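Student: Please take me through one part of this structure in detail. I would like the sheet first, then the contact between domains.

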Amino acid sequence: MSKSTESERVIIFDTTLRDGEQSPGASMNLEEKLRIAHVLEDMGVDVIEAGFPIASDGDFEAVREIAKVVTESTVCGLARATKMDIERCAEAVKPAPRKRIHTFISTSPLHMKHKLQMEPEAVHEAIIDSVSMARNHTDDVEWSCEDGSRTEHDFLCRCVESAIEAGATTVNIPDTVGYAVPDEFAALIRMLFDRVPNIDKTVISVHCHNDLGLAVANSLVAVANGARQVECTINGLGERAGNASLEEVVMALRTRQDHMPYATGVTTEHIIKASRLVSTVTGFVVQPNKAIVGANAFAHEAGIHQDGVLKHAGTYEIMTPESVGLSQSKLVIGKHSGRHAFREKLKELGYELGDNAVQDVFRRFKQLADMKKDVFDDDIVALVDDEVVRANDRIQLVSLEIRCGTKHRPPKAEMELTVDGEVKSCKGTGDGPVDAAFNCVKKLFPHGARLQLYQVHAVTQGTDAQAEVTVRLEENGRSTNGQGADTDTMVASVKAYVNALNKLLVKREKSVPPALSA
Ligand code: KIV
Ligand code: ZN
């Protein structure tokens, strides 16, 4: 990364845990949010928007727990322009050494009239009150004008000036509905710099949605015109078509230093790890041709391209796979490798596990190495993730036998589960082997949750690859994602179903209401 002066530094504000989690079906539990927060912090993200504390007790708890453990990044919580929201948010971010309250209100005519049913004067007053109130809790206050890109310019300038006067240290201009196009958005940011007299007292930020596929382009032109914070998410997760993707913004800035001489604090080599974690936790598969993190982003299929890359990588590669943390999927260690070498491998992959966890994963690695010819880094990652997600499950799979194929109609499943330590068994049938197995789970642990997603993907190539399965269950408006990995797709499927069910039980216990929308 090039050396930068303060004015060339772009602050990376990640909202995967807030706007990202607002994607239907992308809900994450506390443990998953903490894992993502740690990865974001290690990656060098400047600000982590950890949630919307007033939305639910679960959101509050997540922001507060993240605030307790994240020390390098600023931990931010979202709040509407009300006393109740701001106080709840302040309480949640309080433990963080660096904390931010992000308060917002709509400023476009459409939103003020139909959503808020407030007159512009009342909105203007609410901005001053909310920012001043937030400043009583922390010196780091961000204010956002929701639907900013569709706000009348005179009113926008007045609101921005007042927010800064009231103490907003960051002013965020969202393209909430992803409507802006680059030259228009660039002109909007320039207009603010030209017309708002106190604009040099704040950091101008942008928050672009991707409804027209322009979120990254709009974010970059905003930077070129003075914005110094970009709000984004891993894998571009977020409401509707998502937010600007963190990896695309950061890699565009890194790769095109000649055109955009701005630096970020992100260690780009952590990008793939973050992308995989977010994809596994949410069950949102990254499309193969997605820029930077898609499975094909660095693959060269055409012979002419392969030939060129072999002669000189720069012929078809504008960035190296290593620069985003993509190592050649290496053969790791063989089945004769010892525990010490295995622990070293875990460290190299970024996992610091306790002795018991290492023991469990090592045992599974040995079993895997017996079954599978080659064990790759990705296999180890899948094993560890599988072990970690299952650590506190009340329901566990003990055994599974399936009979299916042309001679076994309907398919039959025999299963043993432990429920709170008690072993239960049953037999069941179904339309297919997965259906038969899931019916067994329902018999052994009756529940009304509906299956919303069943998805299988191969961890590595080859027919002996581990299957990684994601299952999404929904009950009373709450959804949870479960994961399972195994060389046997049916075992992975049941593990994923049972994992989703376990997470639902935790949600039931805490009776977290479905999240409020921002
Ligand atoms: O899209 C949006 O406008 C938002 C705000 C709350 C910043 O997410
Ligand atoms: Zn948003």
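**The sheet and the domain contact**

Tutor: In this predicted model, three strands make an open sheet, ordered 12-13-14, with antiparallel pairing. Strand 12 (450–458) and strand 14 (478–486) are the edges, and each pairs on one side only. Direction ignored, neighbouring strands of the sheet are turned by 15 degrees against each other on average. Strand 13 (residues 467–475) runs antiparallel to strand 14, and nine bridges join the two. One pairing can be picked out by residue: leucine 473 has threonine 480 of strand 14 as its bridge partner.

Now the domains. The protein is divided into domain 1 (6–282), domain 2 (326–388) and domain 3 (395–508). Taken over C-alpha atoms, the centres of domain 2 and domain 3 are 24 Å apart. Eleven residues from domain 2 and eleven residues from domain 3 make up the contact. About 820 Å² is buried between domain 2 and domain 3, with carbon and sulfur atoms giving 49% of that area. On the domain 2 side, Lys372, Ala382 and Asp386 lose the most area to domain 3; together they account for 46% of what that side buries.

Next, the polar side. One salt bridge is found across the interface of domain 2 and domain 3. Aspartate 386 and lysine 495 meet through their side chains in a salt bridge, 3.1 Å from N to O. Between domain 2 and domain 3, four residue pairs are in polar contact, counting pairs with both residues at pLDDT 80 or more. Helix 13 (355–371) and helix 14 (377–390) are the elements that give two or more residues to the side of domain 2 touching domain 3. Helix 14 supplies the largest share of that side, five residues.

Conventions
Residues are numbered from 1 along each chain as its sequence is written. Chains are lettered from A and ligands numbered from 1 in the order in which they are written. This is a predicted model: local features need pLDDT of at least 70, side-chain atom pairs count only at pLDDT 80 or more; totals for chains, interfaces and linings use all residues. Side-chain values use heavy atoms; hydrogens and water are left out. Two strands pair if DSSP finds at least two bridges between them. Helices (H or I, at least four residues) and strands (E, at least two) are DSSP runs, numbered from the N terminus. Axes are lines fitted to C-alpha atoms, for helices over the stretch in contact, and angles run from 0 to 180 degrees between N-to-C directions. Domain bounds come from an automatic or database domain assignment. Contact means heavy atoms within 4.5 Å. Buried area is the accessible area (1.4 Å probe) that two parts lose on being put together, summed over both. A salt bridge is a side-chain nitrogen of Lys or Arg within 4 Å of a carboxyl oxygen of Asp or Glu. A polar contact is a pair of N or O atoms within 3.5 Å; within protein, one must be able to donate a hydrogen and the other to accept it, and residues adjacent in sequence count only if both atoms are side-chain atoms.
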